[in-house]
Structure formats: C-alpha cells, structure tokens
Amino acid sequence: MKDLAIPVACVVMMIGAVCGAAAAHADDVEWKELPDLEQPLSGHFAGVSNNALVLAGGAWFPVSLWEGGTKQWLDTVFVLEPDAAAWQAAAPLPHPVAYGAVVSHDNRVICAGGSDGQTHFTEVFALEWADGAIQRTTLPDLPRPCAFMSAALVGSTMYVAGGQEAPDSTEALHSFWALDLAAESPAWQELEPWPGPARILPVVAAQEDSVFVFSGADLAAGPDGTAKRTYLTDGYRFRPKAPGTLHPGWDTVTGPPRPVVAAPALGYGPSHVLVFGGDDGSLVDQIQQLRANHPGFSRDMLAYHTITDTWAVKGSIPHTLVTTQAVLWEKRIVVPAGEDRPGHRSVKVLSGSPPEPAKRLNWLDYSVMIVYFAALIGMGFYFSKREKTTDDFFLGGRRVPWWAAGISIFGTLLSAITFLAVPATSFSGDWVFYIGYLSVFVVAPVVIFIYLPFFRRTRITTAYEYLEKRFNVAVRLFGSLAFILFQLGRVGIVILLPALALRAATGIDVQLAILCMGVLCTIYTVLGGIEAVIWTDVLQVVVLIGGALLSLVLIVGSIDGGVPAIVSTAAASDKFHMFDWGWDITAKVVWVVVLGRVLESIIPYTTDQTVVQRYLTTSSEKEAGKAVLLGSLFSLPNGIIFFGLGTALFVFYKNNPALLTPGLKTDAIFPLFIVQQLPAGISGLIIAAVFAAAMSSLDSSLNSMSTVIVTDFYRRFKRDTTDHGALQLARGLTIFIGILGTGSALIMSQHDIGSLWQHYMKLIGLFGGGLAGIFALGIFTRRATGAGALIGAVVGAVVLLLVQRTHISFLLYSTVGISTSFIVGYAASFVVGRNPANMAGLCWHTRNDGPPRPSTE
C-alpha cells in the first residue's frame, strides 16, 4: 500500500488543482469601451487591416436634426492600432461615401457601393493600412449603383445582398452578387436571390461556409410618393456551389424574433450568428413626435444557432447602435459608433466577448474522478507482480481472455476524440456516417479468416516481424518506423484535444488535465504492461459506454415527451437522414462512405501494432478470432449510442437555445451538457469517461511503441541481449514515450503549433495506406517482392499526397493509398527484388505448405 500512496497522492493534488482552476474561471460577459472617435459616425465602412481597426466614410449631423440640422457626408478615414490611446486620422477618401457594404479580406478592407446623399455608387475599392498610411486600390464596379445593402465573406468570395439603387427609389433591390477576391481577374456574378421580398439594410453574415440573410426592410411608395418601410423577420441560408456540397442554393431558415434592421452582426465561433440591437420598427411612426426624446433602438444581443435553427437572447450591449458594423479584432467583437437614435450619431466604440459557459463541477465530481483514477493505478500495481518477462510485458503471457482482448481492441480504436466527435457529428449533421460502421461485416471476416492466421502461426510479437519473414528486413523496418513515427505524433494529440474540449465546456485547466492523463497512463502502463493496458481498457470501456448510456437516458428524461418527442423533432429536421445517392467522388454519397470506411478500417486491423498486439495476447488463434469479432461487433451498438446521443443533444438544445454558448466548438457540446445538466457526481463520472477514452488510446500507444522498438530494432540487431535487459529497456521506453507525449501535448497547448503538427501527421499518415498495401501484397500474392512492395508504398504516398490537393472526398484517401501501393508494388515486383527461397505458410497460396521460415533475402 505504500507503493500506491504516492501516485494516488499526486493524482489528488493534480485533480485538486484542476478543481481550483475551474472554480476560478470567469463566466460573465465583458464589455468595455475603446477610445472615442473624434466625431460621431454612422453608415461608415469598418474592417481590419494588418491588425489595425479601420473606419472610412460615414455620415453625421453637426447640428441636431431636431434643431434644423442636415446630414453631412464624410470622406474621413480613422485608424486604431492595438493598445493605442487614440484614433489617428489617415488620408481621406476621394469623395464622401456612406451606407455601403464592407468585408475584411487578406489584410484589406473591401468597400462596395454607398451614397453621398445625391448619388448611389457602383465603385468598389480596397483600403490597406501599411507603413503608417492608407493605401487605396480599385476593384471591379458593382453591377448596379447600390447603397443600404449588406455583405459577408465566405472563403475569398464577397457576397452582397439587397440595397437601394438610387436615393429616391421606392423599391428595394432583390439582388445577390458575388465577387471572388482571390481570382486573377475578379468579376461580379449576379446570382439567384433569396426566395423572399426585396430589402434594404438586412443582416448578412457568414457561417458554416454559408451566407445568412435575416430581416431588413422592404420598400414601397407611400401616399406621398416617398419610400415606406415594411419591417421583415424572415431568414434565408445560401450554400455556395462547391465540391462536396450536395444541395447548393437557398433554404428558408428561422427568422429573428423581431425585426433587426440595420443591426451590426457577424458570424461567431463555429455555429453562431450574433446580432447586436437593430431597429425593430416599433417606434417608426412616432419619430416626429418623440424627436430628441426617442429612447433609441433595442440593446438585446440575439444569437442565432445555425445547427438547431434557433434564436436566443444572450445579453445586451451598453448602447443602442445601428447602421454600423460588427468586426472581430484582437479576438474580441468591436462595434464602432453608429446611430444610437434617429437624428443622432455616437462616438462610442464598444468591445466585448460572449459569455463563457457556466461551470458546475464540484467536489463530488472531482471525488468520483479521483476514485476512478486511483483504481487505474491500483490495477497497474496489481499486474506488476506478473510482469516477469518480455512475453508477459508485451503479450500478457498469452493468457488474456478473448472477451477482454476484444473489448480492449474496441477501446483502443475508440479515442476521446471519437467520444466527443461522434455525438458532435450527429448533433451538427445527420446519420450519413453511421453506415460506415457496417463495414465490420466485411472487415471482421477478412481479418479473422485471412490475416489472423498469418499473425498467429508465425509466432511473432509485432506485426512487422511477418514482413521480414515474407519479404526482408528492410520492409520490416519500414513498417516499424512508419508505425512509431505515426504514434509519436498521435500520443500528444489524443490527450490534447479532449483536454481542450473539457476546458472549453468546464473550465478545467488544460495543462493539468494533460498531466493527469499522461502521468496516470504512464504509471499503470509501465507497471503492468499489456495486461494492465487491456484490463484498464475493459474498465474504461465500461465507464465510457455506461456514461454515454446514462447521459442518453438523462437527456431523454429532460425532454418533455421523451423518446417520441426526440424522434419527431429530429425527424422534422431530417436528422436521421442516412443515405445520399449519387456518383460524386467529392461528396459523402453512399458508395464513398461504405468503400472508404471499409478500407479505412482495414488499416488498423491489419497494420497497427496497437490492435494486432491484442490478437497475440490470447491463448489460441480461435480465441483471437473471437476477440476480433467481439471488438468489431461492439462498434455497431456503440455507433447507435453515440449517434443517438448527438441527436438527443440536438433536440435538447433546440428546445433550450439559451443554454448554448457562442464560440464553443461543436466537439465540446457533450461536455457542455455534462456540466450544465447532469447531477453532481454523475458529471464527474462522465468526465472520467472522457479521460478514459483518451487513456485507452494512449496506454496502447505507449506499450505498443516500446514493444516495436525493443523487438524490431533492439533485439533484431542485438542478438545477445538478455530477456531481463530487454524488459528493463521496455519499461524505460514506456516512461520516456509517456513523458514525450505528455510534453508534446503541453507544448501544443501553450504555443500555436497546431498547423505544424497537422502537416507532420498528414505527411506520416500518407504511409498508412501503403503499409496496408504491403501486408496485402505479402498475403495475397506470391509474386510481390520486398523491393517492389517498398516502391509501391512510396508511390502510393506520392499519389495520395497529390489526391489530397484535389476535391476528392477524404473518405477515399485510404482507398487511394491501399490500391495504388498494391497495384504499383505488384507491377514493380516483376522488375526488381526476389522472393524468399521458402515461402511455406507465408502467403495465401502457400498457407498449407508447412510452417513458415525466416526470409533469406
């Protein structure tokens, strides 16, 4: 018990620190004021250029409208740099202009159209703040003169919706234009407009690669011949035509609960559109009577959630502002100046950020997590007494029950990323990807009846030993090195991503969460070897599936009407959609999903040491076959549980949109529900399940990498080593890799090197399909040689790299990699290399020819 006390104490201290960090996390909306402008403004262009806030043009009343003043149109340009105490004036525009459309792109503020009170313009220009000065360049003119429109940017394309063609027009424009700002010769396209009334001053925002158009005001000639407004509350979504988009064009969506004419708005986070205030038209007929006593416009901050198609009030803004823009600057939302009441403009510049989610984890939650983590360490100590040889440490003495090995196979392939991402997938989308789970009906028989006999009958410790027997040592080392490099990149990310998701939803400190997972995993893995890994996997899968089922039951219980209500609401939103038919290789159509998932699953089941090693821990080939079958079949109910969980979360948050947090990543939707809705103690158990999912992948990587390094490198080239020495090296490597993985996750959490990691994993991942191709060549053909197989793997990686630069669906990447490496490798084998002298038992055609022998090539 003394041995157990120290690690448990460390866990308690770390969890306690995490608890303290979470409790201290702020959750209030923060609004502050940036430096005031030198003069009031509204109708100005606003954007960001080279990290500076730029305001151009606009209009104001030097003398109050109600005292006989007239509107003055401006050509001024103001710039605010980070941490500056005041705005600075820049070179003015060629002429006054206001009430145009604006977006920020590639360090430029793109300004389109507008008015000077006498004329509406077609001109489009870009402003860039560089070397302390504003640089102005021209772009193609709009198709027609236009003012009082709005714009949004999707990718590099600027979309402009609505507007008014001339100052005296009594009709609004029903127009929708697009300009690709990245094109060599950009030109405006006139697209089909939304299926609703024409309008001026709509809310237009980009989100989820779509353009959203809300509210605005239609115009019609009044009795006196001037334009009269009809305030609108409708909403529309435009999906641009792009590779992989099955249904481009316009859809009707839920409009705002009130008109939001001329409101500043922007897309925020992965799935929200935030609308600040806006004119609801409720006092439009009283403007002349109220005059300077007008109370101003709404201060509500409305949040539209694109996934659930719902609106909610998410706080308020300090001042009522319309005919201005909302822009992201310095990771905060900025609303500069604007019209605060009819006939009056403001100098105020607001800066704020949406609220953080409420944090509810308490001492009982953390107590449950501590008990769970202590149990894992205890299992490590228990199995440490049985780890006397490398056969024990790597293969569990081949005494692991088939059902435990099968559950461990399932747990190894189910990471915390999957635990969070699958519910997020069905929450944000539908069930199209579930059909990929049916791939087990193809993959399991292939592995059990074709691959497994070669792994078991050759009496190997690593999958890559087979490659030397079938080909040569170079192919073995290629496979081993590809596995090690991939796992080295993976170990950091499998604990970083869930830590980030938990941080976003619960406030748990990222670094301490990483340390908890990394330290715990390393402790019980180095103590108990593969047996500790497998049996803790069993516990972790029970906690993981149990937690998911419990969450599903609690969600169902929290929704009025229970299961029937969930099904009807989800069905009305087409959430159970599963089949997209067609032949488009860029989209998730049925054949792409099925073929892609089948060959994608073949890779880990036939080449990944973390999975293959489980086949070798059972007492016989028959037992191993049952383990593979169990692990495969587990994925079917697991898919239903997690896809169902995401669908239930969709219905819950559709009924409770105010509980959604703007800016929260979609992958954090499940942790958000956990801390918001689950009872104390239960929350801790489910969070422990998230940790469990991460650790069930991490522990496998630690043990399997040490197995491969010791077996395929150390023992292969140091024949005189003792088993005890190899065992000590394996333990030392486990500690080293655990420290390396934990350290890399900590570094990535502190520094913005995510793109560097993505490039690394993308490069190493190119060889996954090639490795599967090599194993297929070895098993299914007699002709394939070692040199030919390596050539096939390299060519397969190059071809896959080229394919990844096209619009072909990512689901087909494995198909491309495996098929290319197999075909090229087979063809190259006619030219280079030679087969082993004795191939008995090493390929399908010689499987019954006697026991396999090592290669002499």
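**Strands, hairpins and a cavity**

Four strands make up an open sheet with antiparallel pairing, in the order S1-S28-S27-S26, where strands are DSSP runs (E, at least two residues) numbered from the N terminus and two strands pair if DSSP finds at least two bridges between them. Its edge strands, each pairing on one side only, are S1 (30-34) and S26 (327-329). From one strand to the next the twist averages 35°, with axes taken as lines fitted to C-alpha atoms and angles running from 0 to 180 degrees between N-to-C directions. Within this sheet, S1 and S28 (residues 344-353) are antiparallel and share five bridges, and Trp31 has Gly352 in S28 as its bridge partner.

The model is a predicted one, in which local features need pLDDT of at least 70 and side-chain atom pairs count only at pLDDT 80 or more, while totals for chains, interfaces and linings use all residues. Residues are numbered from 1 along each chain as its sequence is written, and side-chain values use heavy atoms, with hydrogens and water left out.

S8 runs antiparallel to S9 (residues 108-112), to which five bridges join it, and Ala101 has Ala112 in S9 as its bridge partner. The two strands form a hairpin with two residues between them, and in the turn Asp106 has a positive phi of about 50°.

A hairpin is also formed by S12 and S13, again with two residues between the strands, and here Gly155 in the turn has a positive phi of about 65°. Five bridges join S12 (residues 150-154) to S13 in the antiparallel sense, with Tyr159 of S13 as the bridge partner of Ala152. S13 also pairs antiparallel with S14 (residues 176-180) over five bridges, and there Met158 stands opposite Leu179. How enclosed is strand S13 by the rest of the structure? Five of the five residues of S13 (residues 157-161) are buried, so this strand is largely enclosed. In a regular strand the side chains alternate between the two faces of the sheet. Both faces of S13 are covered, with Thr157, Tyr159 and Ala161 buried on one side and Met158 and Val160 buried on the other.

The loop between S11 (133-139) and S12 contains Pro143, which is partly exposed because its relative accessibility is 31%. Pro143 lies 9.6 Å from Ala187, C-alpha to C-alpha, although 44 residues separate them in sequence.

The structure holds one cavity of 30 Å³ or more, a cavity being a set of points on a 1 Å grid over the protein atoms alone where a 1.4 Å probe fits but cannot get out, with lining residues having an atom within 4 Å of a point. The volume of the largest cavity is about 80 Å³, counted as the space filled by probe spheres set on the points, which are joined across faces, edges and corners. Among the residues that line the largest cavity are Ser271, His305, Phe427, Lys665 and Leu672.

Zero disulfides are found in a search of the whole structure, a disulfide being a pair of cysteine sulfur atoms within 2.5 Å. Cys521 is in none, and its nearest cysteine sulfur, that of Cys516, is 12 Å away. Cys521 counts as buried because its relative accessibility is 0%, and Cys843 is likewise buried, with a relative accessible area of 0%.

Technical notes
1 Å grid on protein atoms, 1.4 Å probe; cavity = no way out; pocket = protein on both sides within 12 Å on 5 of 7 lines; lining within 4 Å. Buried < 20%, exposed > 50% of the residue type's maximum accessible area, 1.4 Å probe, protein only.
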